[in-house]
Amino acid sequence: MKQEYTISLFTEDHIGILGQITIILTRRQINIDSITASESAVKGVQLLTIVVKTTNEMVQKVARQMEKLVDVMKVFVHTSDQIIYQEIALFKVTTKGLMSGNVIDHIVRAHHARILEVSPEYIVLEKTGHKTEITELLTQLEPYGVLQFVRSGRVAITKQVKELNSYLKEMDEANRFKTEPTLN
Amino acid sequence: MKTEHEKEQATLELNGQEHITGSDALLQCLIEEGVDTIFGYPGGAIMPVYDKLMDYEDKLHHILTRHEQGAAHAAQAYAMVTGKPGICFATSGPGATNLVTGIANAFLDSVPVVFITAQVVSGLIGTDAFQETDIIGVSMPVTKWNCQVKKPQDIPETIAKAFYIAKSGRPGPVLIDITKDAQLEKLYFKYKKCNYIRSYNPHIPLHTKAIESAAIMINHAERPLILAGHGVLIAGAEDELKTFAEKTGIPVASTLLGLSGFPSNHRLFTGMLGMHGNYGPNLLTNEADLIIAIGMRFDDRVTGNLKKYAKKATIIHIEIDEAEINKNVIVDVEINNDAKEVLKYLITLVKENSFEKWIREFRICDKTEYEKVIKPETKPEKGELRMGEVVSRISELTKGEAIIVTDVGQNQMYAARYYKFSHPNSLVTSGGMGTMGFGLPAGIGAKIGRPDKPVVTFVGDGGFQMTIQELGTILQYNVPVKIIVLNNNYLGMVRQWQDMFFDKRYASTKLVNPDFVMIANAYNIPAKKVLKREDLKSSLEEMLASKGPYLLDIAIEKEGNVFPMVEPGSSVSEVRLTY
Ligand SMILES: Cc1ncc(C[n+]2csc(CCOP(=O)(O)OP(=O)(O)O)c2C)c(N)n1
Ligand SMILES: [Mg+2]
């Protein structure tokens, strides 16, 4: 059964790594729902968060193929209930539409949105939340004239206790003092 | 702010370290890594490196092939027979793209080859400059790792990493793309081998628990079967495999690339797996109650229809590449470690045993296969020559001591089926990619890697013509490789499929060939045609006795088919002996 999975990849900060990762998804015909990249809590380590819809079997396979890449340190796969996640969206709406009556106040409060900018022509709103919540707000705003709408990729924090650092340490111990491998 | 490398450069300068060009540094790095042979082809962007090669002629032997693809295949074969990484040079643009087939071939067969390509000067990258191609982008999906170097001071560390990555874990090709300015500018040189990369962990702590559960299963199995793959040879675990099989009494079957990892004439050897493998191991895979897969990846050519594969068996998978575990076949025990380390421990845990009744089932299959296929192939009394008898005679005459190189197609399957291997790494063939044109350049690489061994290359009349220009390399360096053209005037393997699955409609598979003997002679290579059975043995003897290179063009029955065969979509137990 297909389901939403969040793949978190900790990687070296090297040019080209994103290409290597997306090739793996492309070959398996997996569409990327969203993708974000940033530096992680460990200095010099990048964190990529990729959201995909696929089967458990397939996501495990691609995760292993990603982890195999030389510049990838560790890959975690989570279902939505195993993580705390948020997306952010910005809306540019016509001022004329929103300013009539008390609409603006009502919408902002009901959706926990924020007003970022107001001009005679447009108002920019910000909303942080899950995809469904953002979509709800968008539907609400549509009658008032949405000029622009943009949604970010997902950022996620896992509920698990073991952190990247402890994985790094384990791998370090296994590899640092090994001598050079010998072929037959 | 100064980068790590700039700071290091400053210290090296203070220490009075040698100030040399990037090209010099590259060659010194190779020498430090124990390289003495390079296969390659020059061009504009890589000229600074080639220029410096002249200063290292005593230490670095460069073989100029006739095409970059040839250099790539030769380097791969060299790696396969020596256990050292192969080295291959090419220039930017067309030189680099000509390598791609060779890189992909090494990638699919897990062979360590370090490819060095040149790139246009760094300021021109991205501008579609003359002979600029994005070889980093192009080779990304077919290399284990690749990297572009734009500064001379980055060369030593990158090369050190390249060697470490190519050789360790599951080996594979790596590509380093060096800009022309980085080749020409100077650096303070110091070399340190790499044995650690933070994000890359080839040494996996032994999964002792999993090995212990595997031992219990092995000790209780009634119809166990070992499937040995290329991983056995890569790990250098042939002795351990032999000890393990002999102690437990478990029969061994091999994948195509696993051949020569276990002696072909061993009483526990049951033959090759897969589409044109032997009857017994294919049929009985589906009767086994336990499968111990060692260093193999359940390729579709091995498993046939996955829905009907090994359904009665519990499966233990010993594999260094975690991404291969549960990829095609869901296994019961996964042991994600080096085959040699696992076997060493496993040997101490398993009990001495024998499976005479089970092995007898294999022998019954062998007898059937012998009567229906092997005998008519290897000992025909009339009709035209068969590929099987040629390979069989070579096997007898060389007593299993030769290194066998093959091209792709029927010739490859016959060579793999009928040569009796007795030494590890004595088969060089293109498995995962099935690259026609591999045979001739690979033969050159194998002979240069192992000059002490007779090297016999089997090629088809089709594949031979894909890289036939490498006869020039043989001429120039007098490489004493023995070439056997198994000439059926067809793209035989494709014609076989047309025969079986496309109503014998032989669309574009007939070949009108040139006179291969004349061609060989033009390259000053002694050559002879063999047309009749009476002449076969003496011609082979004459070829093997000759000192230099030699070509035999052997006329083979035109419409012979390779059997047994597991047809595409069929189960291994539906393996057919005839049709
Ligand atoms: C580069 C490449 N192109 C096409 C194929 C498909 N193919 C596989 S076997 C074969 C026929 C090979 O003919 P030949 O070299 O004469 O060998 P034979 O099968 O007759 O022994 C072809 C075309 C391939 N494997 N590699
Ligand atoms: Mg042919």
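Student: Why is the meeting of the side chains of Glu324(B) and Arg170(B) called a salt bridge?

Tutor: The N to O distance is 2.8 Å. A salt bridge needs a side-chain nitrogen of Lys or Arg within 4 Å of a carboxyl oxygen of Asp or Glu, so this Arg and Glu pair qualifies. This is a predicted model, in which local features need pLDDT of at least 70 and side-chain atom pairs count only at pLDDT 80 or more, while totals for chains, interfaces and linings use all residues. Residues are numbered from 1 along each chain as its sequence is written, chains are lettered from A and ligands numbered from 1 in the order in which they are written, and side-chain values use heavy atoms, with hydrogens and water left out.

Student: What makes domain 1 and domain 2 of chain B count as being in contact?

Tutor: Contact means heavy atoms within 4.5 Å. Eight residues of domain 1 of chain B and seven residues of domain 2 of chain B take part. The two domains bury about 590 Å² between them, 62% of it on carbon and sulfur atoms; buried area is the accessible area (1.4 Å probe) that two parts lose on being put together, summed over both. Across this interface the rule finds two salt bridges.

Student: How many residue pairs are in polar contact between domain 1 and domain 2 of chain B?

Tutor: There are three, with both residues at pLDDT 80 or more. A polar contact is a pair of N or O atoms within 3.5 Å; within protein, one must be able to donate a hydrogen and the other to accept it, and residues adjacent in sequence count only if both atoms are side-chain atoms.

Student: What makes up the interface of chain B and chain A?

Tutor: Chain B gives 35 residues and chain A gives 31 residues. Together the chains bury about 2,900 Å², 53% of it on carbon and sulfur atoms. The interface has four salt bridges. Arg64(A) and Glu322(B) meet in a salt bridge at 3.6 Å, N to O; that is under the cut-off, so the name applies. Seven residue pairs are in polar contact across the two chains.

Student: Which helices of chain B each supply at least two residues of the side that touches chain A?

Tutor: They are helix 8 (155–167) and helix 11 (230–235). Helix 8 gives the largest share, four residues. Helices here are DSSP runs (H or I, at least four residues) and strands likewise (E, at least two), numbered from the N terminus.

Student: Why is the pair Glu87(A) and Arg154(A) said to tie together separate parts of chain A?

Tutor: Their side chains form a salt bridge at 3.8 Å, N to O. Glu87(A) is in strand 5 (residues 83–94) and Arg154(A) is in the loop between strand 8 (146–151) and strand 9 (155–158), so the pair joins parts that are 67 residues apart in sequence.

Student: What is the phi of Asn326(B)?

Tutor: Phi is near 65°, a positive value in a residue other than glycine. Most residues other than glycine have a negative phi. Asn326(B) is in the loop between strand 13 (314–318) and strand 14 (333–335) of chain B.
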